[in-house]
Amino acid sequence: MASEAVKGRRPRPGHPRKGPTATGPAATGPAAVRDRAAAWFLVLPALLPILILSVGPLLYGIALAFTDAQSGRTRSTQWIGTLNFQDLWHDTLFWDSFRIGLLWAFGVTVPQFLLALGLALLLNQRLRLRWLARALAIIPWAMPEVVVGIMWRLVYHPDAGVLNETLRDLGLGDGRDWLTGLATALPAVILVGIWAGMPQTTVALLAGLQNTPHELHEAAALDGAGAWRRFRTVTWPAIRPVALAVSALNLIWNFNAFALVYALTSGGPGGRTRLPMLFAYEEAFRYGQFGYAAAMGCVMVAVISVLLACFLVGRIRGGGVER
């Protein structure tokens, strides 16, 4: 009887039953080896394109940055060490483009987030034809960046553009050439970047808002909390992880922007909209300095890695505080 009681007794907390565990014999047996091989076999089709199309070119570009590679089939490539990076350190044109890239990235990301947050809050309300408004809000996101650039070039056209025609009708002047003016080119391009990238931020924030329990808003309203207090104490804590993630990704994407700005201004006038990616493109494919352009790419990858590391550290610390 005592032995049966012992057999039927549940193990006490902290004293698990003995048997095969994740680190025991079963984890290293033939079945576990077959499971790991099957897992790698299933992952391999998705892993190979990443290695071939992303990791491989990245490693090749890093190696190219330490050479004097230039265009031309008959020209030999020599290893020159860090000479490209030394020249880049003293290249004022590159650092000007780097400064313009930072202005562009923050100038697009911050207003884009604020406007997208307001639009997401509006689309989260119980409005008539809300489904139609949500569908229309995604249209800029569905358009290719080159098409967006061509369309906005027509809007900014100095003679027949919609913007200048509207200003003339309102009696606010004869209009101007927005994309070729030294003072207006960058703000005009930033405005297009905000318009083109706002839908994806809106969709992400709207998804976060829809995951917020309505009971929390109702309880805060019963406690007498106003709209701003409900947003600060209920809405923002709920969407904060989504907001931080989408803002970090937008900052990285905007810093790497190429197609939209190239379609609008090609980096002009006078380099006022020449982003770092445009500068590297010109060095590589207009002047044939592949090694020097690869060094620029390495610097941009390093900057993006620092931004991403700061975001990940902030998320880890934030997660530790929440626990």
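Residues are numbered from 1 along each chain as its sequence is written, and side-chain values use heavy atoms, with hydrogens and water left out. Because the model is predicted, local features need pLDDT of at least 70 and side-chain atom pairs count only at pLDDT 80 or more, while totals for chains, interfaces and linings use all residues.

**Stop 1: helices 7 and 9**

Select residues 145-155, which form helix 7, and residues 185-210, which form helix 9. Helices here are DSSP runs (H or I, at least four residues), numbered from the N terminus. Two packed helices are described by the angle between their axes and the distance between the axes. For helix 7 and helix 9, the axes come within 11 Å and cross at roughly 135 degrees. That angle makes helix 7 oblique to helix 9. The axes are lines fitted to C-alpha atoms over the stretch in contact, and angles run from 0 to 180 degrees between N-to-C directions. Angles under 35 degrees count as roughly parallel, over 145 as roughly antiparallel, 65 to 115 as roughly perpendicular and the rest as oblique.

Now show the side chains of V148, M151 and W152 on helix 7, and of V192, W195 and A196 on helix 9; these residues make the contact. Contact means heavy atoms within 4.5 Å. The residues of this contact are six nonpolar, no polar and no charged. Nonpolar covers Ala, Val, Leu, Ile, Met, Phe, Trp, Tyr, Cys and Pro; Asp, Glu, Lys and Arg count as charged, and the others, Gly among them, as polar.

Stay on W195, in helix 9. W195 touches P140, M143, V148, M151 and W152, not counting residues up to four places away in sequence. W195 and V148 are 47 residues apart in sequence and 9.6 Å apart in space, C-alpha to C-alpha. With a relative accessible area of 29%, W195 is partly exposed. Buried means under 20% relative accessible area, exposed over 50%, and partly exposed in between (1.4 Å probe, protein chains only).

**Stop 2: L179**

Next, select L179 in the loop between helix 8 (162-169) and helix 9. L179 counts as buried, at 10% relative accessibility. Leaving aside neighbours within four places in sequence, its contacts include R153, Y156, L264 and P269.

**Stop 3: aromatic pairs**

Colour the aromatic rings: the structure holds 18 aromatic pairs. Rings of Phe, Tyr and Trp (its six-membered ring) pair if their centres lie within 6.5 Å; planes under 30 degrees apart count as stacked, over 60 as edge-to-face and the rest as tilted.

Select F66 and F85, whose ring centres are 5.3 Å apart with planes at 45 degrees, so the pair is tilted. F66 lies in the loop between helix 2 (30-64) and helix 3 (83-89) and F85 in helix 3, so the pair ties together parts that are 19 residues apart in sequence.

Then go to Y281 and F285, with ring centres 5.4 Å apart and planes at 40 degrees, so this pair is tilted. Both lie in helix 13 (residues 276-285), four residues apart, about one turn of the helix. Y281 is partly exposed at 31%, and F285 is exposed at 63%.

**Stop 4**

Select W89, F94, W95, F98, F255 and F279, which ring pairs link into a cluster. Finish at S97 in helix 4 (residues 92-123). Is S97 buried or exposed? S97 counts as buried, at 2% relative accessibility. Not counting residues up to four places away in sequence, S97 touches R274, L275, P276 and F279.

Notes: Helices (H or I, at least four residues) and strands (E, at least two) are DSSP runs, numbered from the N terminus.
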